[in-house]
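Please keep the sequence and the three-dimensional view at hand while reading.

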Amino acid sequence: MTVTQGNKVVLIGAGAVGTAFAYALLNQGLADHLAIIDLNEDLVWAQVEDLNHAIPFSGQHMNVTVGTYEDCRDAALVVNCAGVAQRDGETRIDLIARNAAIFESINKDVMANGFNGIYVVAANPVDVLTYITQKQTGLPANQVIGSGTVLDTARWRHNLGQFFDIAPSAVHAHIIGEHGDTELPVLSTGSIGGVPLRAMLEAEAKTNPDIYTQMDEMFVRTRDAAYDIIKRKGNTAFGIGNALARITRAILRNEDVVLPVSALLQGEYGLDDLYIGTPTVLNRTGVRNVVELRLDPDELDKFRHSANTLRNVIDRAKF
């Protein structure tokens, strides 16, 4: 069955991440209608009013409304930014169990209203919750996507751009794997300004013997960026908001662009039935296909370790 057409978006969750996404969506003119759903009725009303007041000077036209799950019936895209944060002393498994219960309630309401668009998950742990969402909704795997390592890749491109004094748009290098502690940078296929990243590092090493240590340190800063930001301001919002807008644009404008989202592996990298961050071609059908990178042996080992970590979490949580 053909996925729902048009460009109506339903946002679930009116917190910091959801409203950063909504603001990016508004300023980029990616939707005609944005309906926002949240249990906190006062919050969602206030966010909708505030967003509508931004429209006159945006150069765009978008109808922003307080939504209900009936809005899912003709929505092209549902973006789920709901979920709860980890409590002090709570294990990752406990957090997954609580968020899975929340998602089950949300997803029943989404599907009960005939949703047949593309479903994007942004709540953490995103790879596991995307897997759970696909199982709970029964939607085809190509229609269920997680934000994956799109934000991590943006952070990596920013850091590499600063180091090599070049615009991040000229940096083409991915972070893949779990959106979390076991993710990894792919140096073997990266390039900067069209020059292979490995070649640039080899040339740099002739005058800077610490270059590989510096790259390792840069990756750690990239991987742990959220911890540092959250410690200082309580959340991350702008980066993930724009990352979600980028995913939205790729889908609604049928771009066939490659982004490292959390997509279902079905034999790629020798793995199966697992959502994980990997470069993926996105278009109006959602996932067109997963791009299997030619990883070097060390990268492949790290990627499979990341996949095994996610698999163990899913198995322990009994999903």
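## A position in helix α3

Ala100 belongs to helix α3, which covers residues 92–112; helices (H or I, at least four residues) and strands (E, at least two) are DSSP runs numbered from the N terminus. With a relative accessible area of 4%, Ala100 is buried, where buried means under 20% relative accessible area, exposed over 50%, and partly exposed in between, using a 1.4 Å probe and protein chains only. Thr133 stands 33 residues away from Ala100 along the chain, and the C-alpha atoms of the two are separated by 8.4 Å.

## Basis of the model

The model is predicted, so that local features need pLDDT of at least 70 and side-chain atom pairs count only at pLDDT 80 or more, while totals for chains, interfaces and linings use all residues. Residues are numbered from 1 along each chain as its sequence is written, and side-chain values use heavy atoms, with hydrogens and water left out.

## The chain as a whole

Ten helices and 16 strands make up the secondary structure of the chain. The radius of gyration is 19 Å, close to the 20 Å that the globule rule gives for 319 residues, so the chain is as compact as a globular protein of that length; the radius is taken over C-alpha atoms, and the rule is 2.2 Å times the number of residues to the power 0.38. The C-alpha trace spans about 60 × 50 × 45 Å along its principal axes.

Of the 319 residues, 53% count as buried, and the chain exposes about 14500 Å², of which carbon and sulfur atoms supply 50%; these areas come from the Shrake-Rupley method with a 1.4 Å probe, and for residues only the protein chains shown count as cover. Among contacts with a separation of 6 or more, 69% are accounted for by residues 24 or more positions apart, a contact being heavy atoms within 4.5 Å. The side chains include 27 positive and 38 negative ones, and the centres of the two sets lie 2 Å apart. Lys and Arg count as positive and Asp and Glu as negative, while His and the chain ends are not counted; the place of each charge is taken as NZ of Lys, CZ of Arg, CG of Asp or CD of Glu.

## Aromatic pairs

The structure holds four aromatic pairs, defined for rings of Phe, Tyr and Trp (its six-membered ring) whose centres lie within 6.5 Å, with planes under 30 degrees apart counted as stacked, over 60 as edge-to-face and the rest as tilted. One of them joins Phe115 and Tyr119, whose ring centres are 6.3 Å apart and whose planes stand at 75°, so the pair is edge-to-face. Phe115 is buried at 3% relative accessibility, and Tyr119 is likewise buried, at 0%.

Another pair is formed by Phe163 and Phe164, with ring centres 5.0 Å apart and planes at 75°, and therefore it too is edge-to-face. Here Phe163 counts as partly exposed at 31% relative accessibility, whereas Phe164 counts as buried at 17%.

## Contacts of two buried residues

Ala24 is found in helix α1, residues 16–28, and counts as buried at 8% relative accessibility. Leaving aside neighbours within four places in sequence, Ala24 is in contact with Gly241, Asn242 and Ala245. The C-alpha atoms of Ala24 and Glu255 are separated by 18 Å, the two residues being 231 apart along the chain.

Ser191 lies in strand β10, residues 191–192, and is buried with a relative accessible area of 18%. Beyond neighbours within four places in sequence, the contacts of Ser191 are with Ala170, Val171, His172, Pro196 and Leu197.

## Backbone features in loops

Asn124 and Pro125 are joined by a cis peptide bond, with omega at about -5°, and Pro125 has its place in the loop between β5 (118–121) and α4 (126–137).

Asn254 lies in the loop between α9 (238–252) and β12 (257–259) and is partly exposed, with a relative accessible area of 42%. Tyr269, which is not a glycine, has a positive phi of about 60°; the loop that holds Tyr269 runs between β13 (262–266) and β14 (272–277), and Tyr269 is buried, with a relative accessible area of 2%.
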